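The sequence and structure come first.

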Amino acid sequence: MEIARRFLRFFEERGHVVVPSSSLVPAGDPTLLFTNAGMVQFKDVFLGLEQRSYARAVTLQRCLRVSGKHNDLEAVGPSPRHHTLFFMLGNFSFGDYFKREAIPYAWEFVTQDLGIDPDRILTTVFEGDDESYAHWHAIGLPASRIFRMGEETNFWAMGPVGPCGPNSELVYDRGREYCTCGRPDCSIALDNDCHRWVEIWNLVFMQYDQAPDGTRIPLPKPGVDTGMGLERIAAVVLQAPSNYDTDLFAPIMDRIQALLGHTDAQRRQAVVPYRVIADHGRAATFLIADGVMPGNEGRAYVLRMILRRAIRFGRRAGFEGPFLGQVAAVVMEQMAELHPEFERRRSFILELIEAEETRFSQTLAVGLDRLAEVIQAVRARGQTTIAGEEAFRLYDTHGFPVEMTRDVAGEAGLGVDEEGFRREMEVQRQRSRAVVTPGGPPGVEMGDLSAVGVSELPATEFVGYRRRTARATVLAILQQGSPVDEAAVGAEVVVVLDRTPFYAEAGGQVGDTGMLAARGVRVAISDVRRLTPGITGHLGRVEAGRLRVSLTVRAAIDAARRDAIRRNHTATHLLHRALQEVLGEHARQAGSLVAPDRLRFDFTHLAPLTPEQRQAVERRVNEIILEAHPVRAAIMPLEQAQRLGAMALFGEKYGERVRVVTVAGYSRELCGGAHLESTAQIGLFTITGESSVAAGVRRIEAVTGWGAYERARIHEQLIAELAGTLRTTPAELADRVRRLVSVTVKPAPASAVAGTVPPIVVVGDVRVATARIDGATHEQLRQAGDRLRQRLGQGVVVLGGVVEDRVNLVAMVTADLHGRGIRADALVRAVAARVGGTGGGRADVAQGGGRDAGGLDAALDAVAADVRSLVEAG
């Protein structure tokens with residue numbers, strides 16, 4: 001890390017502000033899966049959409065790439081210098097300095113601060129960039145070591161349109177002995193993939209704005225964006241044969257060797273698996289620390305793919321049991337200074353990796369055997385490509401990402417029909433979508449409003465933190481996505497005001513509703529959204545008069561609805577902190593909904609909450625409510641907020657100044673939402689449900705205030721009615737019901753068991769059937785389960801019943817689902833735990849029991865959620 005410290009210090013001494021690394025998950029940029037370059041966090045600055053208080057910056061940015069010419073996943077391992085996760089050193093100028101300063105900076109740092117032999121450095125410049133060529137020549141670099149190259153290698157663009165410009169690369173010559181191209185006239189101009197040449201620094205000069213037709217117009221303030229890979233420059237400075245032989249990887253490689261008990265010779269022989277495990281273990285650790293959970297789509301899929309590729313290479317190296325957690329542990333020990341979340345989330349990261357590894361290890365051997373059979377069959381037919389249907393079956397049954405199948409097939413000299421694989425995936429997605437077609441409430445559709453010119457309007461001033469009404473001027477009216485000058489009664493519109501008390505949906509908090517009114521004019525607002533950064537759109541219907549641009553209106557929110565939202569939002573902050581107190585610091589927000597009638601909070605945690613944990617969380621939130629803690633909001637610099645320990649949320653984009661909401665003496669979070677003045681205003685907090693939404697992500701739903709009161713009132717009324725019906729008191733109701741059940745439940749007749757036909761629920765592509773058959777023995781439940789399993793063909797059956805105050809349970813899972821981690825023994829244990837018991841058995845059939853007969857219905861109802869969690873995890 002000494003090189004990184006020198007780099008940051010070098011540029012800080014030259015007027016650059018040291019900016020911390022942003023997350024691997026780009027904030028507010030749906031065009032990118034991951035932060036793949038140092039400039040990503042400055043993208044809006046270069047585009048002119050964001051202003052910073054500084055014109056020069058320097059960073060050490062963590063980046064991740066898994067595709068592209070130089071970052072194909074298959075290259076990680078065989079290549080001595082390719083990685084998924086890497087660290088990018090970069091210096092940036094936002095309209096301040098340009099080529100005349102950037103080129104000498106780079107030369108001085110590399111040759112003087114790092115002491116690299118200048119005779120081993122050559123540079124490339126864009127073929128038409130005479131200015132860069134002249135600056136390199138003025139430094140003293142001879143023309144023989146300045147290469148003019150074309151657009152493919154030496155012109156950079158942010159996208160089809162927008163900032164772009166030439167770039168200049170510093171290349172290190174490792175020497176003829178490292179040549180891999182075999183050319184007698186080996187040259188960077190002939191083969192820049194030859195291992196002799198190492199690109200160590202890329203200087204991008206953004207000096208044009210590219211139009212859709214390809215025209216390039218000079219920017220009024222050109223900028224500089226440079227990137228130097230820490231791993232590569234470390235290998236050059238240390239004269240290491242590969243990036244993996246530097247101190248960035250040595251502790252990880254040494255731990256792998258110690259775990260395997262390998263000699264140095266065995267380590268050299270297994271160098272490719274060692275590299276894959278070290279690289280992928282490091283990448284997975286940082287991804288999880290940045291809030292990414294393993295799954296089947298997007299970022300989650302990439303994490304799972306990386307983990308599973310590492311597990312496969314672990315088996316090749318000689319590992320027989322879990323090992324990636326130990327790799328992650330050394331990554332966190334070595335790189336603690338590079339990620340503040342390592343300390344807080346250490347146990348969660350290790351538990352999550354172990355769970356993923358255990359789940360996949362159960363099917364890896366069988367899957368590899370099946371893949372070997374497929375490869376043998378392809379060869380026997382004289383073919384060279386594994387069919388897409390086969391690749392999909394390996395993924396669907398054994399959890400093999402297509403990238404891993406491609407990996408193994410490539411080692412056998414075969415390819416994979418990936419287009420066919422994608423077709424099969426789409427067919428499955430269509431099947432899943434066909435099961436449930438979600439609907440939505442009628443109303444004004446937002447549509448795509450980014451292209452209707454609203455971005456040229458002044459920013460909307462939000463005055464709604466303290467005010468419920470405001471006088472405002474109508475700046476624009478949009479109807480069916482197009483601007484209009486006026487709108488008549490009945491028109492559905494999107495209205496842009498110069499100022500507003502309406503909160504636009506953001507950060508999980510729903511938008512306000514209310515009314516815009518003027519003399520003879522009334523517009524009912526049903527939702528509020530952000531059209532572009534800084535500009536708010538009010539969705540509504542004209543109920544009276546004609547709404548016109550330039551009209552002055554009275555904007556008023558539904559105050560009672562806003563107060564209910566504020567109760568739920570402040571309660572969400574209390575819930576977040578209470579979960580961390582009860583479960584651990586790893587319990588971090590992974591999504592939320594703050595509505596007037598309820599709150600929903602997703603958080604990272606691997607297991608369902610126990611009844612005791614759920615009760616402890618609920619009690620702790622209500623304690624803070626009753627203690628009437630003041631709630632305050634303040635605007636401050638981001639660095640100050642971080643020093644104060646304010647929690648930032650993954651995937652959120654923060655500016656230099658942020659809003660911090662503090663519950664005095666309890667919690668502190670970065671938040672732009674609406675909150676109360678005191679926790680006492682919440683009144684009451686009640687958890688209504690807890691479930692799984694994805695692998696490693698749980699969801700709590702709750703109500704507050706009048707919602708919690710109404711729920712308690714209904715429950716109290718129900719208990720009173722039941723107690724009256726059974727002629728007992730509420731306090732003795734549970735015991736009375738238990739005695740009644742033990743008397744009335746009799747063994748189920750065979751005809752009742754045989755005739756059981758429960759409703760079937762489809763979870764993803766898995767059929768799930770559950771039923772309660774009171775009085776049935778385990779044997780009777782198994783017989784009924786066998787018939788249901790045959791009827792399903794594929795799926796899950798869980799049956800339960802009460803016999804003499806005891807619960808009997810049987811679970812069955814068809815064989816095609818075992819490879820996806822859906823097992824009868826695991827399901828029956830989960831159901832039995834909910835009724836105060838236990839269970840066990842095999843992957844295809846298992847049984848269990850418990851003593852809490854009153855919890856059986858809820859336990860059976862939760863089976864679909866259990867299966868959903870396994871489907872998403874597998």
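## Helix crossing

Helix α3 passes helix α4 in a right-handed crossing, meaning that the near helix is turned clockwise from the far one by less than a right angle. The residues that make the contact (heavy atoms within 4.5 Å) are K99, R100, I103, P104 and W107 of α3 and E131, S132, H135, W136 and I139 of α4. They divide into 5 nonpolar, 2 polar and 3 charged; Ala, Val, Leu, Ile, Met, Phe, Trp, Tyr, Cys and Pro count as nonpolar, Asp, Glu, Lys and Arg as charged, and the others, Gly among them, as polar.

The axes of α3 (residues 99-113) and α4 (residues 130-139) come within 10 Å and cross at roughly 45 degrees. Axes are lines fitted to C-alpha atoms, for helices over the stretch in contact, with angles from 0 to 180 degrees between N-to-C directions. The two helices are therefore oblique to each other, as angles under 35 degrees count as roughly parallel, over 145 as roughly antiparallel, 65 to 115 as roughly perpendicular and the rest as oblique.

## Model and conventions

This is a predicted model, in which local features need pLDDT of at least 70 and side-chain atom pairs count only at pLDDT 80 or more, while totals for chains, interfaces and linings use all residues. Residues are numbered from 1 along each chain as its sequence is written, and side-chain values use heavy atoms, with hydrogens and water left out.

Helices (H or I, at least four residues) and strands (E, at least two) are DSSP runs, numbered from the N terminus.

## Strand β3

In strand β3 (residues 85-93), 9 of its 9 residues are buried, that is, under 20% relative accessible area with a 1.4 Å probe and protein chains only.

Strand β2 (residues 56-64) pairs with β3 in the antiparallel sense over 9 bridges; pairing requires at least two bridges found by DSSP. T59 has G90 of β3 as its bridge partner. Strand β9 (residues 216-229) also runs antiparallel to β3, joined by 4 bridges, and M88 stands opposite G229 in β9.

Technical notes:
Buried < 20%, exposed > 50% of the residue type's maximum accessible area, 1.4 Å probe, protein only.
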